[in-house]
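Hi,

Here is the structure I promised to pass on.

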Amino acid sequence: MSSRTDAPVSTPNVDAPAHGTAHGTLGLGQGTALYVASVLGTGILVLPGLAAAAAGPASIVAVAAVLVLSVPLAGTFAALAARFPDAGGVASYVRRALGPTAARMTGYWFYFGVCVGAPVVAVLGGEYVVAVLGVDRAAVPIIGFALFVPPFIANWFGVRIAGWVQFVLTGLLLAVVIGVVAATFPAADAANFEPFLPHGWAGVGLAISLFVWAFAGWEVGTHIAGEFRDPRRTIPIATAIAIVIVGLGYLSLQFVTVAVLGEQAGDGQVPLLALVESTAPGVGSVLVAIVAGIVSLGVVNAYLPAFGKLGAALGRDGDLPRFLAKGAADGEIPRRSLALTGALIVVYFGLMLLNGLDLTAFILIHTSNMVAIYAAGMLAATLLLRRWSVGWWLAVVATVMTAGLLVLAWQNLLVPLVLAVASVAVTVVRRVRGRTP
């Protein structure tokens, strides 16, 4: 073994599993549910109204465009996860292609940066429950914190239990979405689609930028790829099914939002509530509260196993204390890493309370780290996947797309830069000490 702790690892055009064939417990149904929940998340609560305000009826075009653009990203992550199932997820791909220091950056971006978004999801759920039920807003932190408890308990007993919980939550979410669309569709009015472009194509561009974040989350499955039965077959199929379900969900909700509410679609902060109240007065508040709770529980439950496995993988690879390494292997439960994740979330939750529950800064930190992860992951994919294969072409397209997103997010890249400096500092310290991982 080389004594250089951060020598680059170059394995271009590799097309074989990194750790052999995984023998996990997640089947197609549970895996698809995890993917759907990680993408069809809190966006359904607010984005249909925001997109309608930005682009009017043409917001449907924006949703369709982002759905098409998300295919290369989702397809690339599916190709990587199927070929290289490892708890490190994107960081493990970056390690193979770009070396340990870049991998450490990617791992820190997800574990410490993306984790900032976890309490955001819970607070959003709490805000909606409070708003639609007329409860005092002081209850938001209590409701938000309570939304963490069931997912933590489920994941403490392993991804198999969490997978079945996710299957039920996603089923409930889809049932509610289908119910809302079915109940409101008869009230659709073709006149609400005129004029189709009230704000021009610039409005469509704004709506696209909003929905880009709605279709994020495809990287979650990379961290638990080793927990799938036959990941090389199951992950691409689960991803394809999830793309269809998520796409139809967002498209149908956007359609009825515009067709039923018309010019009032972007007036309120709870378009789902306005939709249901327009056709079934009296039940809308309870329905939206249920949706908010299901969405929040589902998103947290989908992300927790990813954080747990990544933390254990970082401990295994020496990028975090090795005490956390237990649970990194396929089939093991990363309880130590989950405990640290819980502590981080509590700290972030406390900072959010001190900030008056203003979510803007936390959302920007979350999204800027996501963009950095996507850029590194897609670049690694172009080096790892077999050249000229379908996966490789998807990676090339996705690399160009994520580079554009990185340029757009440059003003919010302070936290990713700080975490990058920290990862470089670890490399320097290791080399000075002459430690071998």
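Arg316 is partly exposed, with a relative accessible area of 31% (buried means under 20%, exposed over 50% and partly exposed in between, using a 1.4 Å probe and protein chains only). Arg316 forms a salt bridge with Asp317, with the closest N and O atoms 3.0 Å apart; the term stands for a side-chain nitrogen of Lys or Arg within 4 Å of a carboxyl oxygen of Asp or Glu.

Before going on, please keep in mind that this is a predicted model, where local features need pLDDT of at least 70 and side-chain atom pairs count only at pLDDT 80 or more, while totals for chains, interfaces and linings use all residues. Residues are numbered from 1 along each chain as its sequence is written, and side-chain values use heavy atoms, leaving out hydrogens and water.

Asp317 also pairs with Arg95, and here the closest N and O atoms are 3.6 Å apart. Helices (H or I, at least four residues) and strands (E, at least two) are DSSP runs, numbered from the N terminus. Arg95 is buried, at 18% relative accessible area, whereas Asp317 is partly exposed at 22%. Arg95, Arg316 and Asp317 belong to a network of salt bridges that also takes in Asp86, Arg104 and Asp319.

The whole structure has 6 salt bridges. Another one joins Glu227 and Lys309, with 3.0 Å between the closest N and O atoms. Glu227 lies in the loop between α11 (220-223) and α12 (231-261) and Lys309 in helix α14, so this pair ties together parts 82 residues apart in sequence. Both Glu227 and Lys309 are buried.

Now for the overall picture. The protein has 18 helices and 0 strands, and 56% of its 437 residues count as buried. The largest nonpolar core holds 122 residues, and Ile44, Tyr93, Trp109, Phe110, Phe148 and Trp218 touch the most other members. Helix α14 (residues 284-316) gives the most to this core, with 16 residues. By nonpolar core I mean a set of buried Ala, Val, Leu, Ile, Met, Phe, Trp, Tyr and Cys residues joined through side-chain atoms within 4.5 Å.

Phe211 is buried, with a relative accessible area of 0%.

Best wishes
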